[in-house]
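Open the model in a viewer and keep the sequence panel beside it.

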Amino acid sequence: MIQRARRRWPDLLALFGITALSLAYLWPLVRRFSSAMAGDGFDRYVFQWTNWWVTKALAQGQRLYHTEVLFHPQGADLHFLSYSWLNTFVWWSLQGVLGKVAAYNFTVWWSWPLAGFGAYLLGRQVLDDHRAAFIAGIIYAFYPYHFAQRNHLNLLSIQWIPFSLLFLVRATKDSRWLDGALSGLFFAFSGLSSWHLLTLSGLLGGLWVLYASLSKQMVWSAKTWRALLALVITVAAVTGPFLAPLVWKQVAGPADESPYLGKETETQTDLVAYFLPNLYHPLWGDAAAPVHRRFLRAKDHAVALGYVPLGLLICAVVRWGKERTGRFWLIGFAVFWLLALGPFPRINGEPYPSIPLPYRLVGWSFPVRSLRSPARFNIIVGLCLCVVGGASARWLMSKLPRRLSTTAFVVITALIMLEYWSWPFPTRVPSMPAGYAPIIADSGDFAIADLPISNDLAKQYMSYQTVHQRPTVTGHVSRPPEEAYAFIESNDLLRSMWRGRQPDPQGDAQADLAALADANVRYLVAHKPELSTNELASLHAYLRLEPVYDDQEIRIYSTTSADGH
């Protein structure tokens, strides 16, 4: 027992170290754990709304994959909403004890220590060196692309991928069915966090099985087949109830309706992005920002490899013929890095469509097409980079005397953390305009229309909806069908506020208000911070109504007032 505890002691130290670093790295979030929400973008509202909707639908016996509270009056299909089932379950389990804000923040925070510890365990399995494995763990956990997904709870939840690969490696080498089942469980956890993560980890897992078979690291036997079968059965059993409705929707849906039409020529990674300093660094992030702004979708290109990990990567390339341990992970890095570049390269913002890249060969396939964005391959780039970096660090430390190797370990770890340090982690205090109080107090079944209308603002309005709980004419789902905006397009007032942020002065206000009232839209809520003085004045002049409520944040008009209907 004592000897076994001693063997586990380095693992406990690694867990403690990665957790301590995660607490420091996310201290602005930890410090305001119960008072401010993690993130600073509009997308975070969607995941908070999803948590609310799932609990509401289950409690009231409503359909999970269709809602009447968005895109009133026709409602919206939710099959391809960005569900993060596992995080929703954890949030629901903790909210009664921690509160809704702290419970949501926990589902964000735990990604860092679990991702780091999972990569550490994977590195220890592959590299057989605790210090090199620790370096692998911090590269994976604190890789800037992880921070870049702070508003996307589904893509943020990368913590289960290294665990799934760890047990897959064990299953293929030792042919134990339990390792296969555990690998399947963690693959399923990735899927229940995001179907994109299941696709990405599945592609990496498939590449490993192919490599292990060709390199004779895996011997096909009855036990091996049993271990892999346990993996498949576990994934199917755990994810099946959640995945089956999506599969049915895809099969039974119209032939011309595809939720997987991505924008591959816009969402690939700019080649220069890998070699820039960390965009989020408090010291040199501002210096990198002007270059980032040249990228077509700058927010998706925070993928700085870091100069120390890049040096370790170059070391691995140079030692290709001598380093067998990390060879698969170097191959994996090359494969997924090339895929992340998309169908053709973009360099410093400039596209080069005449240069074909491997993505063109596989972009049509369902697994790759379902990701919708080549940039998402950077999640696996980070995992492969961490093992490659750990392998090179192990070799460097092995060439030094023990005392110097310990110093090298500390210096490499500190330099990586210095390069990857993203500060401060953004938080926002959840707030809702006080003017919604009359709407909350109003009895009856009715909808509201928040103005102006935009895709991003619709996400914020969804967060307000979790409090006022009234249907709205706007909304956001990942792939809304065209009919979702049919009501907005049919009403001149809503359409003009959707397309131009102010009414058409030639329109018929009374007809617009009457149509809204007939559709049971009782209130128009104008959000003053989102409207210019002229736009707000234009709306007021068009409606020719006295507001039923007016303060510094919102102005509310009733569609059923005497002058309007």
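Helices (H or I, at least four residues) and strands (E, at least two) are DSSP runs, numbered from the N terminus. With that in hand, select serine 201, which sits in helix α12, residues 195–214. This is a predicted model, in which local features need pLDDT of at least 70 and side-chain atom pairs count only at pLDDT 80 or more, while totals for chains, interfaces and linings use all residues. Residues are numbered from 1 along each chain as its sequence is written, and side-chain values use heavy atoms, with hydrogens and water left out.

**Stop 1: serine 201**

Is serine 201 buried or exposed? Serine 201 has a relative accessible area of 0%, so it is buried. Here buried means under 20% relative accessible area, exposed over 50%, and partly exposed in between (1.4 Å probe, protein chains only).

Show the side chain and look for polar contacts: pairs of N or O atoms within 3.5 Å, where, within protein, one must be able to donate a hydrogen and the other to accept it, and residues adjacent in sequence count only if both atoms are side-chain atoms. The side chain of serine 201 reaches the backbone oxygen of leucine 197 at 2.8 Å. The backbone oxygen of leucine 198 is 3.2 Å from a polar atom of that side chain.

Now display the neighbours in contact (heavy atoms within 4.5 Å). Leaving aside residues up to four places away in sequence, serine 201 touches Ile161, Ser164, Leu165, Phe187, Ser190 and Ile380.

**Stop 2: helix α10**

Select residues 161–174, helix α10. The expected span of a helix is 1.5 Å times one less than its number of residues. For the 14 residues of α10 this gives 20 Å, and the end C-alpha atoms are 20 Å apart, so the two agree.

Colour α10 by accessibility: 12 of its 14 residues are buried.

**Stop 3: backbone exceptions**

Most residues other than glycine have a negative phi, and most peptide bonds are trans. The next selections depart from that pattern.

Go to serine 175, which follows α10 and lies in the loop between α10 and α11 (177–193). Its phi is positive, near 55°. Serine 175 counts as buried because its relative accessibility is 14%.

Asparagine 348 also has a positive phi, near 55°. Find asparagine 348 in the loop between β4 (346–347) and β5 (350–351). Its relative accessibility is 30%, so asparagine 348 counts as partly exposed.

Which peptide bond is cis, with omega near 5°? That bond runs from histidine 72 to proline 73, and proline 73 is in the loop between β2 (66–67) and β3 (76–77). A cis bond also joins leucine 451 and proline 452, with omega about 0°. Proline 452 is in the loop between β7 (447–451) and α22.

**Stop 4: cavities and a pocket**

Rolling a probe the size of a water molecule over the atoms shows where empty space is left. On a 1 Å grid over the protein atoms alone, a cavity is a set of points where a 1.4 Å probe fits but cannot get out, and a pocket is an open set with protein on both sides within 12 Å along at least five of seven lines; lining residues have an atom within 4 Å of a point. Grid points are joined across faces, edges and corners, and a volume is the space filled by probe spheres set on the points.

How many cavities of 30 Å³ or more does the structure hold? There are 4. The largest cavity has a volume of about 50 Å³; to find it, select its lining, including Tyr140, His146, Asn378 and Gly382. Helix α19 (378–398) gives the largest share of that lining, 3 residues.

The second largest cavity holds about 40 Å³. Its lining consists of Ala316, Trp320, Glu323, Gly326, Arg327, Leu330 and Val388.

Finish at the second largest pocket, with about 470 Å³ of space. Of its 22 lining residues, Met37, Gln48, Pro430, Ser463 and Thr466 lie nearest the centre. Helix α3 supplies the largest share of the lining, 6 residues.
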